[in-house]
Amino acid sequence: MHYQMGNSGSYPLLLLLWLLPLAGAIVIWAFGPQLKRLAGALGSAVVGASFVATLLSWHDGTQSVAGAGANLVGAHQALVSWLPGFDFGLLLDPLSLLWVCIITGVGFLIHVYSIGYMYDDKAFARFFAFLNFFVFAMLTLVLSDNFVGLLVGWGLVGLASYFLIGFWFEKPSAVAAARKAFVINVAGDVGIMFAIFMIVASVHSIAFGDVFGNVGSLSTPWLLAICICLFIGAAAKSAQVPLHTWLPDAMEGPTPVSALIHAATMVTAGVYLVARCAPLWSQNADAQLLVGIIGGITALAGAILGCAQWDIKRILAYSTMSQIGYMIMGVGVGAYEGGVAHFFTHAFFKAQLFLGSGLIIHALANEQDVRRMGGLMKKLPFAFVAMLVGVLAICGIPGFSGSFSKDAVIYGTLQHGHPILYAIGILTAGLTAYYMFRLLFVTFFGSYRGDVDPSDLGIRHPELAGTAHAAHDDHHGEHHAPAWLMNVPVGILIVPSIFAGWLLFGGEHSPWAQFFAQQFPHPTLPTPAISELTTTLIVLACVAVGIGVAYARYATAAAQADAVERLRGESVRMPALLTNAFYFDAALDLLFVRTSQLFGTIFGRLIDPQIIDGAVRETAFSAQWLGTLVRSFQTGLVRAYAFVLVIGVACFLVYYAVISGGLH
Amino acid sequence: MTVNVTSADWYALAPISIVAITALVVLLADLFAPKHVNRYLAIVLAVLGIVVAATDCKAAYAHDFAAFGGAFIVGGFSVVFQEIILIAALGSVVLYGAIGKDDRIAGAIALMLWSACGAMLMAGAGSLMTIFLGIELLSLALYCLCGLADRPTAREAAFKYLILSSVASGFMLYGMAMLFGASGSVALADLTNPVLASNPLLWIGGGLFLVGISFKLSLVPFHAWSPDVYEGAPLPVTAFMSVATKAGTLAVFARFVYAAMPSGVADRLLLPIWIVAGISMIAGNVGMLAQHDLKRLLAYSGIAQIGYMLAALAGGTALGMRYAIFYLAAYTFMNLGAFAIAALISDDAEQGSRLANYRGLAQKSPAAAALMTVFLLALAGLPPTAGFLGKILILSTTASAGYVWLGIALIVGTAISLYAYAKIIRAMYQRDEHAHTHAAHPFVPLAWASAIVCCVAVVVLTFVPPALRDVLPLVR
Amino acid sequence: MLPMSVPLIDYVALSSVIFFIGVAGVLVRRNPLIVLMSIELMFNAANLLFMAFARAWGNNAGHIFAFLVITVAAAEAAIGLAIVVTVFRTARHVDVDDVSLMKG
Amino acid sequence: MNPYGPVAIYLCVALAAALLFTFLPGLLGRAKPNPQKQEAYECGVEPTSAVHGRFPVRFYLIAMLFVIFDVEAASFYPWAVQMHALRVFGLVEMIVFVIVLAIGYAYVWKKGGFQWR
């Protein structure tokens with residue numbers, strides 16, 4: 001049975017906003033050397049135009065046909081018609097509209113910022129080609145109206161991420177990080193691929209509408225298997241435990257990349273997938289519980305690990321992981337609007353935090369260790385304001401955007417009957433406040449502890465100019481990017497970082513709830529024992545404790561006095577469990593590499609020492625024991641082959657003799 | 001008894017005759033033309049003949065005609081398979097032209113064309129006699145082709161193929177004799193008589209016949225020959241063998257399943273084949289894990305791939321048939337493409353097929369590595385290639401035909417295979433300090449062209465399913 | 001079916017005896033020439049069956065099939081002999097089991 | 001019982017026997033290999049010497065060609081029997097057959113296949 005999603009029609013604006021970044025990527029790739037610095041302007045312009053087109057198609061994306069049923073909201077543009085059940089098209093409904101707005105809007109600001117940040121990079125044009133390509137891939141992911149298109153986008157963003165993490169490929173660590181991210185993401189792609197296999201085998205269609213419409217015909221275990229496979233993809237892309245280990249390493253990429261791909265957009269693709277497949281998850285409580293628990297664990301683990309980091313970008317990476325844990329937890333338990341809202345606000349304040357940290361890193365000649373910062377409040381006042389707003393927002397200080405969405409998620413877990421996840425959410429909020437204020441205090445308070453002479457800040461490294469400070473040195477001005485290129489996007493982001501959350505104000509009558517009125521299932525829920533207001537107060541109390549501890553440890557006069565020794569001592573005393581990030585990397589290594597080597601050794605001894613020795617040495621490949629099992633039947637002797645053949649014939653003949661009744 | 005043979009019968013055989021005559025012309029040209037133009041002449045003549053045959057063949061697409069009293073049936077079904085075989089022949093002839101030795105190029109190309117004749121005969125075979133003739137013509141030429149290299153492994157491949165294939169032919173022939181005894185006719189159409197369902201001769205004979213089919217398709221446990229023969233045979237021969245043998249035999253099998261089954265026996269008669277197909281999907285992919293030779297790895301891959309195609313036929317639905325053909329077409333291109341890349345980097349000793357030689361390929365030749373990646377992705381069934389959609393289509397038909405367990409075997413097999421394909425891709429993109437280039441063959445552009453065409457086809461097939469959509473191939 | 005002086009089942013039995021002598025020969029003999037001969041035996045067992053059934057059904061197709069098989073078998077024998085000669089030309093023993101360069 | 005029932009039984013038993021006789025010696029016999037036992041023949045013609053000395057490849061080649069051309073003649077037999085029924089079609093068919101055979105003959109000749117060197 002066929003179910004339609006969105007109003008079919010011709011939407012040239014939709015096609016335009018989808019294809020513009022691709023065109024930009026191709027043009028910049030082809031004419032990069034000729035374009036020189038214009039490449040940045042062109043790249044930003046196409047994404048900006050795409051954003052304008054998005055705003056112009058707002059009406060298309062939110063239109064609904066009266067009385068046509070809950071699914072008929074948004075715009076559907078058919079692209080390629082294949083065999084029955086295998087049609088490709090674009091779907092713009094409130095959910096994808098939200099993502100497109102963030103991808104193109106925040107993407108545009110980060111493009112502009114990158115012009116300044118990457119100004120002196122020798123591969124300037126290539127960077128923007130990749131960035132535009134990423135935007136196109138991400139749009140493909142969220143605009144696709146079917147699972148295959150989603151998977152194609154899913155794979156392409158992974159590819160773009162691979163290129164951009166490894167953008168500075170002279171650094172071996174960047175190449176290693178890129179490869180690690182790619183491998184884990186491909187594992188996730190494969191999970192989605194298997195989910196598609198199972199979906200097609202049962203529903204005979206790849207269109208979202210058909211799959212969601214026929215969800216009732218799927219058996220419970222089959223549906224659970226599909227959900228688990230989908231979630232493997234979501235977990236890999238969204239850095240959920242235990243597939244998160246690539247995200248901190250991915251910070252090897254340029255900071256704008258971290259802001260756009262590894263904070264605002266790509267890593268939230270998992271949230272999008274779960275929200276998009278809400279009709280699947282809503283039918284299976286086990287799958288929901290799994291996603292909720294993984295999200296909760298990730299939120300907590302990310303926050304704990306964030307307390308143990310000294311690299312400013314790694315702190316932000318773990319906080320990203322933790323915040324995405326919130327989102328996944330929200331959409332997992334069924335609080336879709338809350339989870340998606342946290343994506344919305346997080347995109348702003350996390351981009352803000354990354355871009356702010358980029359200002360610092362840029363000013364300090366690529367210094368990323370917060371132990372060698374300090375007292376930057378006076379030196380980099382603009383960066384301080386930017387970071388302060390971001391930190392207040394992420395901690396959920398009332399009035400700032402994060403507070404609305406985070407409370408919505410935490411309260412949602414209680415509403416949907418998960419008190420343990422509720423407790424985890426509150427605890428994590430306290431931890432978040434602690435490590436984010438720790439970052440703020442250590443970086444901006446006290447006195448400067450770095451090697452770079454603070455009075456020379458930004459001047460000693462003219463090749464890294466274009467920062468807040470270097471802008472004052474106008475004798476370098478014509479050679480460097482104007483400072484506003486980096487400051488204006490950060491300044492603009494301050495506005496939504498504060499106010500975006502207000503869209504949620506008003507509960508069921510808020511603009512947010514009305515926007516998604518037709519998108520998500522709205523089961524009637526029992527009223528929990530703890531009210532929403534009480535929840536907010538409990539969270540606030542925890543946040544206050546977190547800030548207080550951070551203040552006592554890093555911001556008091558006593559702590560400031562001997563900051564260098566204190567920080568060094570703290571690094572030394574840090575539990576090994578935390579500095580090694582709970583040994584996840586080591587565990588993955590043990591699980592996949594060591595065990596297969598062990599099996600290889602054991603089987604090799606058992607079956608044929610020569611074969612395995614030769615094979616392993618030659619291909620340096622560790623999981624061959626299974627293959628060796630099959631190989632051991634291939635003795636190379638003709639008579640042995642004939643013998644196997646005749647045994648096969650014997651099996652056939654016995655079967656046919658019995659089945660034909662000849663033996664009766 | 002009178003025999004009525006009209007010109008229509010001859011027209012039905014025209015494509016095969018053209019290919020056979022081309023082979024004779026290639027041989028004669030080799031005898032009488034000057035030595036230095038031999039290679040050009042052989043390639044040009046062969047390509048010309050194949051193109052003419054393919055054009056001629058296409059005309060019969062919409063027809064449905066039983067030539068020679070039903071011994072050879074022309075129609076959409078046979079045409080599609082014949083075109084696939086001709087594509088395989090074209091690709092392999094080009095590859096042989098690119099890397100083969102001068103002095104034996106004409107003989108090899110002639111043998112390849114005759115072998116293609118055999119496969120084409122199988123595609124339209126409507127009687128046991130034509131099937132046997134086709135299989136033997138295909139195999140006899142392949143025995144010789146396998147040995148056409150100055151390596152002991154090539155001779156060994158020829159010997160193993162000869163012995164094992166002959167034994168399998170013996171079983172098949174004995175099965176055919178029993179089928180003949182059951183129905184009193186060599187025509188496949190006469191096997192549909194429902195009276196036969198209770199005749200043990202049909203069951204035993206059908207079983208032995210299916211053994212022969214399984215051997216040619218290299219299904220586990222009748223697969224043992226294929227890794228050794230694929231590894232030993234010259235590279236273009238392996239490319240040809242991997243596609244043409246499968247295409248021809250699949251046509252015979254499909255016709256047997258769809259057009260030669262007494263009512264009500266199909267489920268029980270074919271069950272062993274489906275089981276064996278399921279085992280092949282798993283075992284073939286597992287076998288790939290520990291390989292270090294590309295040809296050998298592709299042999300195991302082929303074992304699994306043919307399992308996928310059979311899974312589409314399980315249940316005997318019309319849609320399944322269409323999807324199997326689609327997958328076969330996709331497989332033809334991705335396999336030929338992979339072999340073309342192997343030929344590109346291969347030297348005279350054919351060390352190009354050692355997987356160790358692919359380490360660092362991306363440094364030496366990024367284009368070759370990229371093309372190879374596309375083919376491997378297609379073989380693994382990842383988007384955006386035809387392999388992915390083929391697999392999805394097969395899954396959709398397998399489950400609805402009631403063979404869910406075959407679908408599960410397909411998914412599990414695919415999961416295992418990803419590891420093996422990823423290994424090659426990883427090796428290609430590794431940095432290798434000792435990277436050395438091989439001496440280039442004079443005709444390497446031919447291999448490049450063939451690889452690029454295959455790559456385009458593999459991607460384009462994803463978006464433009466071939467005309468099968470309009471006319472379901474006629475099976476009788 | 002036509003009446004036959006010797007029951008059809010006897011032909012079938014004889015041909016299957018010959019056939020399995022051939023199969024056993026392939027499996028147990030190590031001389032390649034004898035293996036080839038055993039294969040010929042399998043083919044000729046099938047020929048006998050074709051002849052018997054052709055006689056029983058009164059259908060000449062079986063005879064023609066037998067001729068076809070004889071021709072094909074001859075070609076196969078010739079090619080087989082050629083391959084055996086090339087494989088064992090440099091070998092010390094003519095033994096099927098010595099041919100195992102490739103395995104795994 | 002179906003008349004072909006015994007055949008079905010026989011096929012299974014025979015196959016089992018063939019497999020049994022392949023396995024049994026290995027299971028029962030004590031393996032004490034010596035050079036004599038390893039040879040293809042335990043008695044009769046000694047295969048080793050013939051390979052090592054002057055190997056008459058030419059002889060085999062001529063024999064092979066003889067076999068092929070000789071057996072192709074068998075194909076004339078059905079044609080001869082049915083000649084009157086086949087009429088012109090049969091004649092044309094046989095001419096084509098002979099031409100193909102002649103080309104093969106010419107090829108072998110030109111390539112020096114008949115020369116005894």
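Of the 476 residues of chain B, 69% count as buried. A residue is buried if 20 or more other C-beta atoms, placed from the backbone, lie within 10 Å of its own, exposed if 12 or fewer, and partly exposed in between. This is a predicted model: local features need pLDDT of at least 70, side-chain atom pairs count only at pLDDT 80 or more, and totals for chains, interfaces and linings use all residues. Residues are numbered from 1 along each chain as its sequence is written, while chains are lettered from A and ligands numbered from 1 in the order in which they are written.

Along the principal axes, the C-alpha atoms of chain B fill a box of roughly 70 × 55 × 40 Å. Residues 24 or more positions apart account for 78% of the chain B contacts with a separation of 6 or more. Contact means C-beta atoms, placed from the backbone, within 7 Å.

Chains B and D compare as follows. Helices (H or I, at least four residues) and strands (E, at least two) are DSSP runs, numbered from the N terminus.

| Chain | Secondary structure | Buried |
|---|---|---|
| Chain B | 17 helices, two strands | 69% of 476 residues |
| Chain D | five helices, zero strands | 8% of 117 residues |

The largest nonpolar core holds 495 residues. Such a core is a set of buried Ala, Val, Leu, Ile, Met, Phe, Trp, Tyr and Cys residues joined through C-beta atoms within 7 Å. Beyond four places in sequence, Ile85(B) is in contact with residues including Ala116(B), Met120(B) and Gly248(B).

At the interface, 46 residues of chain A are in contact with 44 residues of chain B. On the chain A side, α30(A) gives the most, with 15 residues. That side divides into 31 nonpolar, 13 polar and two charged residues. Here Ala, Val, Leu, Ile, Met, Phe, Trp, Tyr, Cys and Pro count as nonpolar, Asp, Glu, Lys and Arg as charged, and the others, Gly among them, as polar.

Within chain A, the axes of α12 (residues 269-276) and α15 (residues 312-333) come within 9 Å and cross at roughly 5 degrees. This makes α12(A) roughly parallel to α15(A), a label for angles under 35 degrees. Their contact has seven nonpolar, two polar and no charged residues.

How values were computed: Two residues are in contact if their C-beta atoms, placed from the backbone, lie within 7 Å. Axes are lines fitted to C-alpha atoms, for helices over the stretch in contact, and angles run from 0 to 180 degrees between N-to-C directions. Angles under 35 degrees count as roughly parallel, over 145 as roughly antiparallel, 65 to 115 as roughly perpendicular and the rest as oblique.
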